[in-house]
Amino acid sequence: MSLNNVIDLRSDTMTVPTPAMREAMAAAEVGDDVFGEDPTVNTLQEMAAERMGMEAGLFVSSGTMGNLVAMLTHCRRGDEIIMGRQSHTFAHERGGYAAVGGIHSCQIDNQPDGTLALDDIAAAMRSEDDHHPTTRLINLENTHNAMGGVALTPTYTRQVVEFAHARGIRVHIDGARIFNAAVALGVEVRELVAGADSVTFCLSKGLSAPVGSVLCGSKAFINEARKNRKLVGGGMRQAGVLAAAGIIALEQMVERLAEDHAHARLLAESIAQTPGLQVDLTRVQTNMVYFDVSPDLPFDAAELCRRAAHHRVKMLDVGARRIRAVTHCWITREDVIEAGQAIRQIVVSG
Ligand SMILES: *Cc1c(COP(=O)(O)O)cnc(C)c1O
């Protein structure tokens, strides 16, 4: 079933709460969460921590807030975070860690598989020197959005964690879509964050909740993080009405992500067969399809998206010749078939 008769592939943030979520939201038991007295928020936080194999969780309003609070908690002013140049945190979070926290960052290129090469991390490490900022944190992203929604493996993450901990550095995982990674790799999500010091994941994307993310870590870390959440204005009150949807998201919306992945693959294969469009199928591992519009075609990415919208298909142009299409629970198999046909028709008719 598509929403408002539009096949909206711009983002999995277009998902709206399911009927079960709306029911749970209406019935949610609530209290003042700043006093720690919202039972529904507490339940969600415990569930999230349990899934991540960590001690505690903290409900935050967004992935951006979760990442910011994590960085404020791990780092002091003048500390440095090593992160990917193509990471969401570097590119799309308003530089909050610098703006709010006075925290510096060192960007290194992401590899095509979304990872940061260990050699590059080693080269970015600061030596003990009065001139240098202090390397404090490594930030990984799983799935890696800009690199195609690719999934980082447990083996890779463990390597980074071992490298970091041997040097007294911490690891945060921006796991906005970490459940997509777990489903794609057929592993438990806790394996993907094993040993990491913190993780943020979004309830509001493929998991279809209307609002919210959870930051997880040790008890001591979350106690400090709660203060930083307050600092950035994230202390919400009867937030149980939102957390109730998050609980349904974790209970009912995780395993079905496999469907979104199958739909993305179907769409990608259709696009790959359309002359003038290029898609790297090896990177279509989860619910994202990034593809390129050949310079030989008489229109660019923005124009192709405009024309697709006339066929009731919405996509996002993310570069002059690059387009992103994302599948989610409101997109059916018929929808992606129709979208693939519409794209082909636009390209063929020039
Ligand atoms: C969406 C996203 C975020 C931020 O989440 P919001 O809830 O939109 O603030 C962080 N990291 C990645 C990789 C994302 O895709």
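These legends describe close-up views of a predicted model.

Residues are numbered from 1 along each chain as its sequence is written, and side-chain values use heavy atoms, with hydrogens and water left out. Because the model is predicted, local features need pLDDT of at least 70 and side-chain atom pairs count only at pLDDT 80 or more, whereas totals for chains, interfaces and linings use all residues.

View 1. A polar side-chain atom of Thr64 lies 2.6 Å from a ligand oxygen, while a backbone N or O atom of Gly63 is 2.8 Å from an oxygen of the ligand. From the side chain of Lys205, an N or O atom lies 2.9 Å from a ligand oxygen atom. The protein buries 86% of the 380 Å² that the ligand exposes when taken alone, with accessible areas from the Shrake-Rupley method and a 1.4 Å probe.

**View 2. The crossing of helices H3 and H10.** The axes of H3 (residues 63–74) and H10 (residues 219–231) come within 9 Å and cross at roughly 115°; axes are lines fitted to C-alpha atoms over the stretch in contact, and angles run from 0 to 180 degrees between N-to-C directions. Residues in contact (heavy atoms within 4.5 Å) include Met65 and Val69 of H3 and Phe221 and Glu224 of H10. By class, this contact has six nonpolar, three polar and two charged residues.

**View 3. The packing of helices H2 and H11.** H2 (residues 39–52) and H11 (residues 240–252) pack at an angle of about 30°, with their axes 8 Å apart. Among the residues that make the contact are Leu44 and Met47 of H2 and Ala243 and Ile247 of H11.

**View 4. Two backbone features in loops.** Most residues other than glycine have a negative phi, and most peptide bonds are trans. A cis peptide bond joins Asn142 and Thr143, with omega about -5°, and Thr143 lies in the loop between strand S5 (134–141) and helix H7 (154–166). Arg94, although not a glycine, has a positive phi of about 60°.

Notes
Helix = DSSP H or I, 4+ residues; strand = E, 2+ residues; numbered from the N terminus. Nonpolar A, V, L, I, M, F, W, Y, C, P; charged D, E, K, R; others polar. Polar contact = N/O pair within 3.5 Å; in protein donor to acceptor, adjacent residues only side chain to side chain.
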